[in-house]
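These are my notebook entries on a structure I looked through element by element. I set down each look-up in the order in which I made it.

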Amino acid sequence: MKDKGKLLMLLMIGSETFFFIALIIGYVYYRNFTEATDTVAQHLDAVRAGIFTLFLIASSGTLMISKRALNKENFKGFNIFLLLSIVLGIVFITGQVTEYIGLYQKQITLSKDVFGSSFFTLTGFHGFHVILGILALLILLIMSLGKLRRVSIAGFGGVEVYWHFVDVVWLFVFYFVYITPLL
Amino acid sequence: MSLFINIQEGEDQLPEVTSDKGRLLWISSVDHKQLGIMYLWLALFFFIIGGLEAMLIRAQLAVGDNDLISPEFYNQLFTMHGTTMIFLVLMPALIGLATYLIPLMIGANEMAFPRLNAFSFWMTCLGGFLMYFSFFAGGAPDAGWFNYAPLSESNYSSTQGVDYYLVGLILTGMGSIGAGLNFVTTILTLRSPDIKLNMLPLFAWMIFINGFLILAAFPLLNAGLFMMLIDRQFDAHFFIPSSGGSAILWQHFFWSFGHPEVYILALPAFGIISEVIPVFSRNKIFGYKFVAASTVAIALLAFGVWVHHMFAVGMTNTVNGFFAASSMLIGIPTGVKVINWIGTLYKGSIRMTVSMMFAVAFLIDFTIGGLSGASFAIVPIDWQLTDTYYVVAHIHYVFLGGTAFGIFAGIYYWFPKISGRFLSEKLGKWHLWLFVIGFNFTFLVQHVLGILGMPRRIYTYPSRFGSWEIFNMISTLGAVMMFVAIAVFLWNLFITLKKPRTAPKNPWEAWTLEWATNSPPDLKNFEEVPRVHSRRPLWDLANPDNPDKRLN
Amino acid sequence: MIAVLPFYNIQVLEYTNFLYWSFVIVAAIILGLVTFFTYRYTTKYKAKSPKDKPQNGSLNHKFEAFALITSFLITVFFMFFTVQSMKEIQTIPDDPKPDIIITGHQWWWEAEYPNSKVITSNEVHIPAGKKVLLALNSADVIHSWWVPELGRKIDMIPGMTNYMWMYAEKPGEYLGTCSEFCGMQHARMRIRVIADDEANFKKWQEEQLEPVITEGSALFEKGRNLFEQKTCTNCHAINGTSYNENIGPNLTHFASRKRFLGDFKEVNATNLRAWLHDPQKVKEGAKMPNFILSDQELNALVEYIIHLK
């Protein structure tokens with residue numbers, strides 16, 4: 001593979017996958033292999049989280065559209081859809097932050113019990129990755145607002161893969177944290 | 001057709017360091033050779049510190065009921081000794097050698113990501129010094145290098161030591177991941193166009209596989225470390241049983257990293273041995289394909305054996321049986337390698353240099369470590385001997401008799417390339433014999449101590465156990481010999497580095513590409529890369545009438 | 001004295017013994033072959049001059065295949081006996097009724113006999129010639145129970161109960177040790193198991209169940225009062241009184257034990273006095289506070305405790 005930036009990002013994603021697997025295993029372990037009952041799940045609003053999930057998925061879609069625009073050298077379309085992806089990402093993060101605030105008001109905190117610890121650690125690390133992704137997209141946007149340079153096309157490959165990865169990780173988190181307690 | 005090809009330069013190269021002179025440039029350097037050398041110095045620095053810690057430990061244990069060192073300090077010492085030797089000595093030494101040699105071996109002028117390379121080094125460095133800063137910040141970590149919960153949680157370890165351990169390891173872990181990313185991408189993208197993957201020198205091949213191991217193993221540790229840090233700093237409950245957490249989960253995270261880590265430290269050493277033995281036997285490696293394929297087998301199996309560190313935890317016989325089987329199986333590909341190395345000696349013309357002697361010492365002592373390791377796969381034996389000095393003996397045979405002997409072999413072998421000077425063979429032989437004999441004295445008897453019932457991590461033992469005292473004294477005397485050996489080695493380094501650079505390009509008449517460059521290589525490694533048609537390009541160049549079989 | 005090779009001469013560990021010696025033999029053969037060929041080749045094929053050339057020829061690759069198959073067969077052999085012996089050693093009934101419940105504390109052992117309601121600490125008595133089922137817990141961090149001559153080792157994990165069999169063929173004293181690092185005094189958390197024959201074990205249990213001595217000399221009386229005043233009772237239980245906290249070792253029949261502090265010191269007035277005078281000096285890190293007792297108070301307390309037979 002000649003695009004070493006994309007290769008690096010794929011490898012790093014592979015590595016990050018193991019990190020998230022470990023965090024998810026922690027959550028699942030406490031829920032299924034100890035006698036404790038999940039105290040967080042009953043306070044979660046799966047529908048609300050589901051809506052924000054759609055925003056995140058949509059942002060992956062808009063990013064793909066913007067890539068297509070880039071390939072066609074339609075820089076205006078590229079900028080618009082890139083901006084849209086960033087906005088959708090920010091909407092997702094806002095959703096997460098308001099959810100945290102709501103939970104803290106219900107006294108469900110990181111230090112409440114092991115499920116509080118798992119929930120905030122897992123979703124928090126994911127949120128952190130989303131924020132990093134938003135920053136990377138922002139950098140791309142700022143760079144492309146000037147004269148679009150080669151390096152940002154190369155960088156785009158890496159950032160795009162990363163953003164999809166964050167998206168996919170969220171689907172797993174959403175499934176294990178929000179959906180499985182309902183099943 | 002020319003013998004040389006011009007190397008392709010990328011269009012968006014980084015600004016290059018224009019000169020390799022001056023000390024400040026080392027700090028800002030992104031040159032893989034300078035970073036490799038800095039890794040090696042870092043490893044040496046921490047090797048001395050970790051060694052001094054080991055000497056204090058041995059001094060304390062020389063006689064029973066000794067009160068030379070307080071239990072509190074002793075626990076910090078052995079924790080730091082283990083952590084230092086694994087994360088701050090063996091890792092940087094191996095990564096350093098690889099950082100230096102991989103681009104040279106594959107005919108590249110740089111790593112794929114030079115700045116990431118510098119980032120990796122400085123993260124490792126920062127993590128190491130941060131961990132040692134804990135000594136000045138109230139006390140070093142004192143819960144063992146594997147930091148079992150809940151002993152490592154705030155209610156049982158109230159100093160900041162464990163926090164330093166956690167943050168330090170997260171940083172060095174990120175550094176290692178960066179290095180792993182860099183090795184894999186470099187080998188995949190920057191090889192000279194002639195070199196196919198099956199033509200890589202075995203050292204490069206092992207580092208390539210090792211890169212994947214690092215990428216998969218370290219995130220597991222980092223996840224555990226972050227969870228424990230959140231436990232300690234933000235009152236979470238992951239590993240605190242009294243508030244619903246699980247002490248076992250930490251062990252699973254730690255060992256699902258920890259066992260691959262053993263191979264992360266072993267594979268590069270295997271790689272070094274696979275370079276050194278053929279060159280000094282003047283023979284091709286016996287069974288390149290076996291060595292390469294067994295590496296892959298080891299890497300895959302490495303992730304399926306971690307529970308053999310936890311047989312005494314009280315899991316069901318089914319779980320234990322499964323992991324016993326996988327742990328026994330992983331011994332087979334490792335055994336194949338030993339056979340290949342011995343097979344390489346057969347009908348060779350062996351040059352007994354210090355490097356080669358370390359490789360031979362490796363063969364025997366690593367075999368002992370491998371065999372004692374296999375005995376832990378036999379669950380009932382593990383149920384007796386785990387957490388005794390038998391384990392201490394075993395890990396030292398693997399890490400010191402294995403990896404460290406491999407590193408020494410590599411240092412004596414590549415020293416002319418790296419510095420342009422030869423380490424003294426005479427002092428080297430003193431170093432070797434004192435070290436190997438001292439090593440076996442120290443650790444061979446520890447097998448017996450374990451069988452006699454001496455648990456590990458004790459700061460003292462009752463002096464009424466006469467046989468324990470005798471064996472511990474032998475062990476301590478052996479450690480003193482190793483101490484002297486290292487002093488000889490340091491003296492050797494010191495006087496050698498004052499000599500002028502006289503080493504020719506290829507003093508050992510070796511066959512891999514790094515020996516086609518100057519000693520030491522210029523800032524730009526290769527103006528032109530020799531054409532490569534087999535696994536031994538320089539052999540083909542030197543013997544145009546009798547080249548190896550063409551592979552491309 | 002701790003056991004010397006061959007060290008597992010008992011029923012529970014028959015297989016361990018067999019496996020260990022089979023392993024030692026196989027390992028010795030492998031190591032012998034590796035050493036022999038390494039030595040032979042490095043001497044036989046050593047270069048005689050710097051110009052020396054290797055003889056052409058290499059080992060047959062069939063040898064590798066042979067080694068692979070052999071090592072696989074060895075693996076199968078060991079795997080078979082491993083599984084057999086695991087079953088033999090570690091088969092616990094579905095509804096275990098332990099004979100002794102042992103709880104690890106930093107850094108001492110508590111032993112409870114559910115059948116006879118005896119509670120003791122540090123010195124564990126078992127009947128000889130009978131398989132004893134242990135239940136193992138921990139009150140704080142991870143400990144590990146290991147008496148090499150009497151059975152396997154098993155971790156004691158907080159929040160989890162493990163079970164194992166222990167068996168002593170002959171009466172006698174057996175030493176063991178905590179073998180999971182458990183903090184500052186891990187070294188001085190040793191185990192003493194005393195195997196008695198049937199009659200003595202019964203007698204011991206009966207003695208342990210006897211009510212605590214309540215009367216003695218004036219000094220004894222003073223000590224008993226001090227024991228209460230100085231809040232010893234907040235941690236130490238004495239059966240037959242209202243003191244029943246079990247944070248520290250149960251002291252009901254303290255003086256009937258040979259050693260205390262995790263098999264560290266002999267039970268006698270001198271050691272006890274030194275311990276009460278300054279626990280940190282005797283066993284650094286121990287959880288016992290220093291009550292800064294005067295000489296008279298020490299005398300009285302020692303007099304009291306040393307008579308708790």
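Which residue's side chain meets that of Lys203(C) in a salt bridge? I found Glu207(C) as the partner, at 3.9 Å from N to O. I note at the outset that the model is predicted.

**Entry 1: a pair within one helix**

I placed both Lys203(C) and Glu207(C) in helix H3 of chain C, residues 198–209. The two are four residues apart, about one turn of the helix. I then looked up their accessibility. Lys203(C) has a relative accessibility of 47% and Glu207(C) one of 33%. Exposed requires over 50% and buried under 20%, so I recorded Lys203(C) as partly exposed and Glu207(C) likewise as partly exposed.

**Entry 2: a network of salt bridges**

Some of them share partners, and I traced one network that joins Arg464(B), Glu173(C), Arg192(C), Lys258(C), Arg259(C) and Asp263(C).

Within this group I examined Glu173(C) and Lys258(C), whose side chains meet at 2.3 Å, N to O. The pair links distant parts of the chain, 85 residues apart. Glu173(C) belongs to strand E9 of chain C, residues 172–178. Lys258(C) sits in the loop between helix H4 (218–229) and strand E11 (259–260) of chain C. I recorded both as partly exposed, Glu173(C) at 35% relative accessibility and Lys258(C) at 45%.

**Entry 3: a salt bridge in chain B**

I next looked up the salt bridge between Arg531(B) and Asp194(B), with an N to O distance of 2.9 Å. Arg531(B) lies in the loop between strand E2 (528–530) and helix H15 (537–542), and Asp194(B) in the loop between helix H5 (161–189) and helix H6 (202–234), so the pair ties together parts of chain B that are 337 residues apart in sequence. Are its two members buried or exposed? I found Asp194(B) buried, at 8% relative accessibility, whereas Arg531(B) is partly exposed, with a relative accessible area of 22%.

**Entry 4: the sheet of chain C**

I returned to strand E9 and found it in an open sheet of five strands, in the order E4-E10-E9-E6-E7 (chain C). The pairing in this sheet is mixed. Strands E4 (123–127) and E7 (153–156) of chain C form the edges, each pairing on one side only. From one strand to the next, the twist averages 25 degrees.

I then followed strand E6 of chain C, residues 143–146, which pairs with E7(C) in the antiparallel sense over four bridges. Opposite Trp145(C) I found Ile154(C), in E7(C).

**Entry 5: nonpolar cores**

Which residues have the most contacts inside the largest nonpolar core? I identified Phe203(B), Phe239(B) and Trp414(B) in this core of 260 residues. For Trp414(B), I set aside neighbours within four places in sequence and listed the contacts, among them Leu97(B), Met105(B), Phe203(B), Ile272(B) and Trp515(B). Glu275(B) and Glu514(B) are also in contact with Trp414(B).

I found a second, separate core of 51 residues, with Ile69(B), Ala128(C), Trp145(C) and Leu150(C) included.

**Entry 6: domains of chain C**

Lastly I took down the division of chain C into domain 1 (7–45 + 59–89), domain 2 (100–209) and domain 3 (218–305). Over C-alpha atoms, the centres of domain 1 and domain 3 of chain C are separated by 53 Å.

Conventions: Residues numbered from 1 in each chain as written. Chains lettered and ligands numbered in written order. Predicted model: local features only at pLDDT ≥ 70, side-chain atom pairs only at ≥ 80, totals over all residues. Heavy atoms only, no water. Pairing = 2+ DSSP bridges. Axes fitted to C-alpha atoms, helices over the stretch in contact; angles between N-to-C directions. Domains from an automatic or database assignment. Salt bridge = Lys/Arg side-chain N within 4 Å of Asp/Glu carboxyl O. Buried < 20%, exposed > 50% of the residue type's maximum accessible area, 1.4 Å probe, protein only. Core = buried A, V, L, I, M, F, W, Y, C linked by side-chain atoms within 4.5 Å. Contact = heavy atoms within 4.5 Å.
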